[in-house]
Amino acid sequence: MDHPPRAASSRTELQMARSMCWHCQSEVAGEYFCERCVKVQPLSKEQDYFTCLGLPRLLTIDATGLENKFYEMSRSFHPDFYQTKTDTERTISLGNSALLNAAYRTLKDPIQRAEYLVRLEAGSVKEIRNQPPADLFEEILSLQDDLEEFRAASGQPSADLTALQAKLQSDCETLEQRQRDMESRLFELFETWDRLQRQTEPTEPVRAKKESVLKEMRELLSNRTYVRNIVNDLVATVG
Amino acid sequence: MTRIVGIDLGTTNSLIAYMDGKTPTVVPGRNGRTMVPSVVAMTDNGLIVGDAAKEHLVRNPERTIYSVKRFMGKGLADVQSEVPYFPYTLHEQGGVIRIRIGDKSYSPPQISAMILKELKQRAEGHLGESITKAVITVPAYFNDSQRQATKDAGMIAGLEVLRIINEPTAASLAYGLQERTQGTIAVYDLGGGTFDISILKLKNGIFEVLATNGDTHLGGDDLDRVIGDVFAKDIRDQYGIDINLHADDMQSLRLEAERAKIRLSDDLKTSVTLNLPDGKGQYRRELTRDQLEGLTLPLIERSLGPCRLALKDAGLTPADIDEVVLVGGSTRMPLVRQRVEALFGKTPHWNLNPDEVVALGAAVQADILSGGTTDMLLLDVTPLSLGIETMGGVVSSLIRRNTTIPTSAKEMFTTYVDGQTSVDIHILQGERELAKDNRSLARFQLKMPPLPAGVPRIEVTFLIDANGILNVSARDVRTGATQSVAVKPSYGLSDDEVERMIGESFKFAAEDFKARQLIEARNEAEAILQATNKALGQGGHLLTADDLTAIKSSLAALEGARLTEDHKAIRTRIQDVEKVTHHFAELLMDTSLKEALQNKSLSEMTEHSEKA
């Protein structure tokens, strides 16, 4: 824990206008360092992760390119390189690094990337329903029952238990396949989204299509999370 | 820019290193050894640290503290199972373990500070300048409390701790610098008390940690214990003696177990000898490497679970690992090497000294912080998930384990009752669902404006800095006003306590200085006695009877003075011996060793002849 009286935990909140260098008040327009006094500039807290990493809002991302950009920006912002600088610069470096790390972590993983994009474009995807996907409702309900039964009976080996375990393992495989199917569909939608997003002058049908792609992705992401949680539960219980 | 040193504050041994130009270098002691045993003895003459303190383990077990790192950032309940193994008395105060020595109590950071001071003085002597800034290493799997305790230790020792850095990542820096390693590497670090596994990607000077895992209670100490337990059982069965009741013999047993383990890294069998308590004879047995491996296999297997978890978290399989690097003294055991090789499917290597590589890496990190090295950058992660307790004792996760640091998470808090003026927040670290199964880090109280329920909006930012240490700040979203957060650590010293301990450490310094002078004078006396006696053996026939008598009586006087507590008297006798042997040294030089040894003192000369 940091003890406030000892360390400077009451760091001055840095909420400076992005248009002016905090140090020499000259114009800055999104550069990381002021052109005049070369001081590091805070990344705007409102900046989204795509903008932070200098990327268009597309879902297909070249992993090596992203990693290189992350490394390059880490070299600009990491607190290790600000140890000898002023408190203000160190605070900016800390905030920028934390934002950069969050941006990279989110965009590096395709699922998190998609969740983030859907949230940016169309509100929260975190409202994951507590109901199983409609078409799997019956199947999952009976699976939950089996799982309860298995948990209750485990510890007393019997032929029934072995049979139940085999059934659960096969259900698990089915669900894993189901998860993979959802992911392939999701990645198809990545391409659709990117194609639509590249249209410079989106027409009304393009906008409508984007809406429906986002909606389907949100559905898929939410169902996938549900299925994955059950799979994890199954793997932990029956191996 | 003042120099920043790198310190490996280990369970068993500690080291201090610096950058000599572009080369990280460990500071050697007067005896040439780079490792300072992490042992502190509180003698009647004051404080002794390191090699000299190690001698007190057997002589003075209740007043000699070792393996204090195991207690850093812990409460008494955390270490209950190992309390019987330690000869000193532990108690708890304010959630922090205290070690009672006589009528005084010391916190683990205070003891660690004594070791840090010893290292600091060693570096100051070697470099001829004052040392005030340091990078200190900790096991990667250390939690927030353990890191903060290490930082406190630095402050008590009069060091500004610029960075707490993880041991396996420090090692990777040393490898990256000296071996130009690239690709994906696994650093397997089994030390005296802790185990870490870190998986890193090394690319163009960036050291990105992908995942880390470990066990902060698994190391050489634990291996020694299972071996020692066998000896203790033998002694009970064969002689009916419960060695646990004899603190000094327990220490001899522990040290003999450690030595046998070390010997069995080279030999296939070794013999163990221990003097039994109260002059009841000797215990002897043979220990084979097979037996050792049978005893220690379960412990070594325990390290493989974290390795698999780290691989899983990194999204990798063993085949994706390009190199496996071994760090820590315990990796000298052939069984460790075999098990690691079997898991990763490739031969691990230890091209750099596994005892020194962490300190060397800390020196590299120190150089990065001072602006000396700019082409290397370490991107480390937080080892444990961080969360807060919510309704029903469930943990709401804020920051996942293996998240690159620095990182921050924001959480909005409000009130449930009209006019409620505060909300209590409990911060935890760990991977479990329920608060009670995780490590409590700290609690704090958030002040709320007295408004209808649900109206106040206080945004709390949890920031894990580059040290892996949590910082908390709060802001009223409605007014924009920031609120200072007085965080009360669950297992840590309060600010006042740290302040007081810094004050005390200055007070002790005077006593310590006296003890140090005595030890140094005694060591010097011993060296000169040995050297002169050796020289007499080689060239005594060159002397006249009078000279011989004079030398012998000066040696006897020094021998006598050495046993007193008076360092000034010892110094005077040393000078006397030097005076009466001056002629003898010249004689020796003129005769047998003329050509090579111009202007050398007697002791240096015999050193040379030893090597020749």
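A550(B) counts as partly exposed because it has 18 C-beta neighbours inside 10 Å, where a residue is buried if 20 or more other C-beta atoms, placed from the backbone, lie within 10 Å of its own, exposed if 12 or fewer, and partly exposed in between. This residue lies in helix α13 (residues 545–562) of chain B, helices (H or I, at least four residues) and strands (E, at least two) being DSSP runs numbered from the N terminus. The C-alpha atoms of A550(B) and K280(B), 270 residues apart along the chain, are separated by 43 Å.

The structure is a predicted model, in which local features need pLDDT of at least 70 and side-chain atom pairs count only at pLDDT 80 or more, while totals for chains, interfaces and linings use all residues. Residues are numbered from 1 along each chain as its sequence is written, and chains are lettered from A and ligands numbered from 1 in the order in which they are written. The model scores ipTM 0.83 and pTM 0.83. For chain B the mean pLDDT (the predictor's confidence in each residue, from 0 to 100) is 90, and 95% of the residues reach 70 or more.

Chain A contains 7 helices and 0 strands, and 26% of its 239 residues count as buried.

In chain B, strand β11 (residues 133–138) pairs with β12(B) in the parallel sense over 6 bridges, pairing requiring that DSSP find at least two bridges between two strands. T137(B) has I165(B) in β12(B) as its bridge partner. From β11(B) the chain crosses through helix α4 (residues 144–156) of chain B to β12(B) in a right-handed β-α-β crossover, that is, one whose path from the first strand over the helix to the second runs clockwise with the strands pointing away from the viewer. Strand β12 (residues 160–166) of chain B is mostly covered, with 5 of its 7 residues buried.
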